[in-house]
Amino acid sequence: MDDQVNVAEARKGFKWVGTSPVRPDGVPKVTGRAMYGADMKMPGTLVGKILRSPHAHARIVSIDTSRAAALPGVRAVITAADFPEQNFEYIGPERVAVNFWHVTRNIMAREKALYEGHAVAAVAAISDSVAAAACALIDVQYEVLPHVIDVDAAMAPDAPLLFADMITRGVEPAPTRPSNVSKRLEFKIGDLDTGFAAADVVIEHEFKTATVHQAYIEPHACSARIEADGQGEIWASSQGHFAVRALTAKLMGMPVGDLRVYPAEIGGGFGGKTVVYLEPVAAMLSKKSGFPVRLAMSREEVFRATGPTSGASMWVKIGVTKDGKLVAADGVFKFQAGAFPGSPVMNACLCAFAPYDIANARAVGYDVVCNRPKAAAYRAPGSPISAFAVESVLDMLAKKIGMDPLELRLKNAARIGTPTIFGPKHAHNGYPETVQALLDHPGYRAPLGKNQGRGAASGYWFNGGGESSATMQVNADGTVLVATGSPDIGGSRASMAIMAAETLGVDYKQVRAIVADTGSVGYTHVTGGSRVTFATGTAVVDATKTIIKDLCRRAAMIWDVDPEAVVWEDGHARPAGANAGAFPPLSLKDIAAKAAQTGGSITAAASVNAGGQAPGFSTQFCDVEVDPETGKVTILRFVAAQDVGRAIHPAYVEGQIQGGVVQGIGWALNEEYIYNARGLLDNPGFLDYRCPVASDLPMIEAVLVEVPNPAHPYGAKGVGEVNICPPMAAIANAIENAIGRRLTELPMSPPKVLAAIDGPDAGAGA
Amino acid sequence: MSKHHVTTTINGEETEFLCETQETLLDVLRNTLNLTGSKEGCASGDCGACSVIADGTLVCSCLMLGVEAEGKTITTVEGIADGETLHPVQRQFLEHAALQCGFCTPGFIVATKALLDANPDPTEEEARYWLAGNLCRCTGYDKIIRAVMDAAAEMRGEARAA
Ligand code: FES
Ligand code: FES
């Protein structure tokens with residue numbers, strides 16, 4: 001593939017790292033044999049179905065399940081009363097804190113239904129049609145309450161309250177009146193007044209983004225079986241089966257050790273499958289009925305009841321000197337959390353100005369509840385939203401001072417040692433390199449035609465490390481098994497096999513990588529936060545190194561020499577030097593054949609809590625053409641440069657970038673949750689929630705910039721997320737370049753573009 | 001609920017099944033015949049994950065009733081490979097890394113087979129429009145389109161494009 005040429009350099013010295021072999025789990029995925037969440041059927045399985053609120057906001061006066069329970073073929077009916085109450089407390093680091101009082105109410109409404117689609121009861125029955133009939137027989141009495149959908153409206157003093165006792169956290173002194181604002185955050189560096197005083201040009205603007213869904217193609221699905229002794233198994237499609245186990249056990253009130261969770265293949269997640277919706281419900285239905293229960297959402301349920309990412313209302317102000325030095329930046333970010341606290345607004349604040357060296361900066365965030373499904377993680381959660389605002393203002397500033405927008409970014413690029421508003425200084429380079437890669441790209445200076453424009457933008461994401469485990473076994477025939485606890489969403493089995501084969505010095509095909517269940521490998525955190533290649537990859541390499549040591553020890557036994565007299569080279573144990581003796585090298589197969597005589601099975605396990613992950617930086621430019629008659633925006637070219645550390649499997653790295661960019665294109669141009677006056681979602685399907693399709697797009701050019709991360713054995717950095725941060729602003733900037741009008745509200749759908757063409761320029765400062 | 005008796009041909013084999021009136025062909029394939037390769041992404045004809053070929057026409061099996069399969073010849077993703085030999089479309093998808101989660105892949109494989117049966121030499125634009133009924137949320141379609149173009153070239157006996 002010609003687009004791999006740019007990584008040829010990194011491939012030097014490696015046999016497998018930097019190549020793109022076919023994934024080990026590929027064939028079942030092209031023949032239809034791979035088993036996803038809804039494909040598993042245990043013997044005797046019942047069909048589960050959830051009854052959901054038809055109202056955006058309503059008090060649940062009563063639920064009568066007696067007629068449903070009496071219907072022939074119904075085996076169990078449950079409501080929130082079947083689940084134990086949870087303590088009201090925020091647990092875990094603030095960025096991702098969880099409050100189980102909220103979680104249990106999200107999987108099954110208690111006092112109130114807080115959004116349309118909120119689960120209120122569930123049934124298990126012998127068929128789909130009986131389950132549907134049973135749901136219709138459940139009598140729920142609602143007292144409908146006024147609702148609030150928009151974030152600014154939810155912050156108004158007279159807004160309907162979702163929780164009558166919610167006192168805003170993070171405000172001193174604490175407010176005396178309840179509101180929908182769950183939390184206020186502020187991060188600050190330097191002195192804003194001094195900073196803005198030094199600026200020659202200051203531009204401020206307001207921005208809005210729409211709620212968008214991850215829109216993985218596979219709806220949530222699982223099967224659960226709880227035995228009479230309380231032990232159980234779950235088969236689920238998720239981004240982390242250990243997380244499913246922990247959350248389900250907690251919500252069921254059962255010991256973690258009584259639950260075993262098997263990872264099904266997962267049909268996309270993008271953050272949205274890091275939480276549970278169905279698993280505790282299926283488990284409770286199984287417990288109550290005594291049969292296995294399968295529960296799968298319809299697409300409509302996915303849209304109405306699972307986490308989209310927040311829509312937001314923002315204000316950003318940035319000052320620059322006339323020679324292009326950014327001197328001050330300020331921003332206010334108001335995020336919809338959905339029905340329960342926990343929007344990604346903290347990330348939005350921390351990432352907003354992170355690519356830049358700005359001495360005086362502040363970011364203020366508000367986490368605001370409203371009658372929408374509870375927000376869940378979506379690819380670099382929060383960062384793309386603030387990036388839309390910040391990167392739009394940077395473009396306005398560049399235009400005003402007559403500087404190339406990429407040159408402006410390069411001049412102010414964060415490097416090792418640059419301070420951040422969140423405390424620690426930047427510890428990695430990689431950002432300026434992505435800007436330079438685009439400045440050097442021939443397309444960046446190519447001429448544009450009529451109604452065409454070019455725009456650029458950048459993005460930042462932390463990337464993750466954390467807990468991962470791997471085990472390795474050398475089989476009797478010298479083949480190698482690598483098992484990890486990381487569900488494979490985008491080809492990670494291939495990267496794990498590559499790293500193991502590289503470290504071991506054997507053929508890639510000799511190594512088989514699998515995803516093991518919670519009973520068969522050590523605890524592993526979710527596949528999310530762009531952490532798998534980094535953290536789980538480190539665990540795989542650690543386990544491989546332990547195996548190598550063991551193989552050398554066994555070779556020494558076979559040769560009857562000291563273990564120090566054996567080295568591992570090129571997939572073989574060899575005598576360390578002339579003094580070690582003249583033995584022919586031993587292959588994995590040779591040593592495996594003598595496993596019984598040298599201590600039994602050759603296996604190793606490694607667990608890490610990986611630190612030292614490097615952040616992701618991405619810079620992108622695109623060319624668009626705007627149809628002045630219809631307002632339709634066509635993407636002509638898209639070039640995305642990203643610092644990937646080192647690409648372990650370049651084709652899948654490119655795939656992450658291309659996929660993230662296209663999700664960003666959808667976010668920019670089409671996707672949005674549309675509510676009617678009653679607070680009901682009007683477009684809960686793929687026809688009206690318009691994701692990009694093949695005919696909307698050109699090829700997406702991924703430029704892999706490689707600034708290796710010294711904390712990973714092969715230099716890898718997380719690559720999954722940061723690519724979705726720049727597209728919205730890059731496209732807005734390109735549209736402005738094409739039509740001379742600045743769009744500040746997403747999505748930039750044809751009616752809005754047309755209104756901008758016909759109306760006054762919203763970007764008065766530009 | 002009384003069931004209908006349907007006789008049809010699926011992946012070259014005469015097949016009989018019973019189904020309820022409202023059951024879709026997708027329900028029957030997945031739940032009754034255990035052919036779970038066809039996926040349900042939407043059940044409304046908008047994602048293409050359930051694509052099958054019925055009497056030579058590419059259809060969404062979620063939009064066809066089980067009873068409508070009577071007398072028809074149906075090809076599902078399970079019927080694309082020739083025994084252990086992958087179809088060129090399947091092989092090119094693997095070699096191009098044209099799948100990430102793989103959930104959309106069965107639909108794309110079937111839709112691409114139907115495209116190349118109808119038009120062995122599509123332009124990139126024709127391929128993009130033919131496949132516009134198949135959603136993929138992971139790949140951005142870049143590598144899918146490359147795989148389709150290379151599979152077409154291979155099946156025409158031409159050298160690979162890249
Ligand atoms: S499931 Fe048939 S088109 Fe989506
Ligand atoms: S590969 Fe995941 S939807 Fe296409």
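**Exercise 1. The contact between the chains**

Task: In this predicted model, how many residues of chain B are in contact with chain A, and which helices of chain B supply them?

Solution. 
- Step 1. Count both sides. Chain B brings 44 residues, and they are in contact with 45 residues of chain A.
- Step 2. Assign the chain B side to helices. At least two residues each come from α2 (88-95), α3 (105-118), α4 (124-130) and α5 (142-155) of chain B.
- Step 3. Find the main contributor. α2(B) gives the largest share, four residues.
- Step 4. Sort by class. The chain B side holds 25 nonpolar, ten polar and nine charged residues.

**Exercise 2. Helix α2 of chain B**

Task: Which residues of α2(B) are buried, and what covers them?

Solution. 
- Step 1. Apply the cut-off. A residue is buried if 20 or more other C-beta atoms lie within 10 Å of its own.
- Step 2. List the residues that pass. They are B:Val89, B:Gln90, B:Arg91, B:Gln92, B:Phe93 and B:Glu95.
- Step 3. Draw the conclusion. Six of the eight residues of α2(B) are buried, so the helix is largely enclosed by the rest of the structure.
- Step 4. Look at the cover. It includes α3 and α5 of chain B, together with α2 (26-31) of chain A.
- Step 5. Step past the helix. B:Ala97 follows α2(B) and has a positive phi, near 55 degrees.

**Exercise 3. The build of chain B**

Task: What is the order of helices and strands in chain B, and how do its two domains meet?

Solution. 
- Step 1. Count the elements. Chain B has five helices and five strands.
- Step 2. Read them along the sequence. The pattern is β-β-α-β-β-β-α-α-α-α.
- Step 3. Check the overall dimensions. For 162 residues, a compact globule would have a radius of gyration near 15 Å; the 16 Å of chain B agrees with this. Along the principal axes, the C-alpha atoms fill a box of roughly 55 × 30 × 25 Å.
- Step 4. Check the packing. Of the 162 residues in chain B, 59% are buried. Among contacts with a separation of 6 or more, 57% link residues 24 or more positions apart.
- Step 5. The domain assignment gives domain 1 (4-79) and domain 2 (88-155). Their C-alpha centres lie 21 Å apart.
- Step 6. Describe the contact. Domain 1 of chain B puts in 13 residues and domain 2 of chain B eleven. On the domain 1 side, strand β3 (residues 51-54) gives the most, with three residues. By class, that side has seven nonpolar, five polar and one charged residues.

**Exercise 4. Strand β16 of chain A**

Task: Which strands pair with β16(A), and in which sense, parallel or antiparallel?

Solution. 
- Step 1. Take β15 (residues 312-320) of chain A. This strand pairs with β16(A) in the antiparallel sense over nine bridges.
- Step 2. Inspect the hairpin. Five residues lie between β15(A) and β16(A), and A:Gly324 takes a positive phi near 95 degrees.
- Step 3. Take β17 (residues 360-369) of chain A. Ten bridges join this strand to β16(A), and the two run parallel. Here A:Asp330 stands opposite A:Arg362.
- Step 4. Judge burial. Twelve of the 13 residues of β16(A) (residues 326-338) are buried, so the strand is largely enclosed by the rest of the structure.

**Exercise 5. Confidence in chain A**

Task: Where in chain A is the pLDDT below 50?

Solution. 
- Step 1. Start with the whole chain. The mean pLDDT of chain A is 96, and 98% of its residues reach 70 or more.
- Step 2. Locate the exception. Over residues 1-11 of chain A the pLDDT is below 50. Beyond near neighbours in sequence, this stretch has 19 contacts in the model.

Key: Residues are numbered from 1 along each chain as its sequence is written. Chains are lettered from A and ligands numbered from 1 in the order in which they are written. This is a predicted model: local features need pLDDT of at least 70, side-chain atom pairs count only at pLDDT 80 or more; totals for chains, interfaces and linings use all residues. pLDDT is the predictor's confidence in each residue, from 0 to 100. Two residues are in contact if their C-beta atoms, placed from the backbone, lie within 7 Å. Ala, Val, Leu, Ile, Met, Phe, Trp, Tyr, Cys and Pro count as nonpolar, Asp, Glu, Lys and Arg as charged, and the others, Gly among them, as polar. The radius of gyration is taken over C-alpha atoms; the globule rule is 2.2 Å times the number of residues to the power 0.38. Domain bounds come from an automatic or database domain assignment. Two strands pair if DSSP finds at least two bridges between them.
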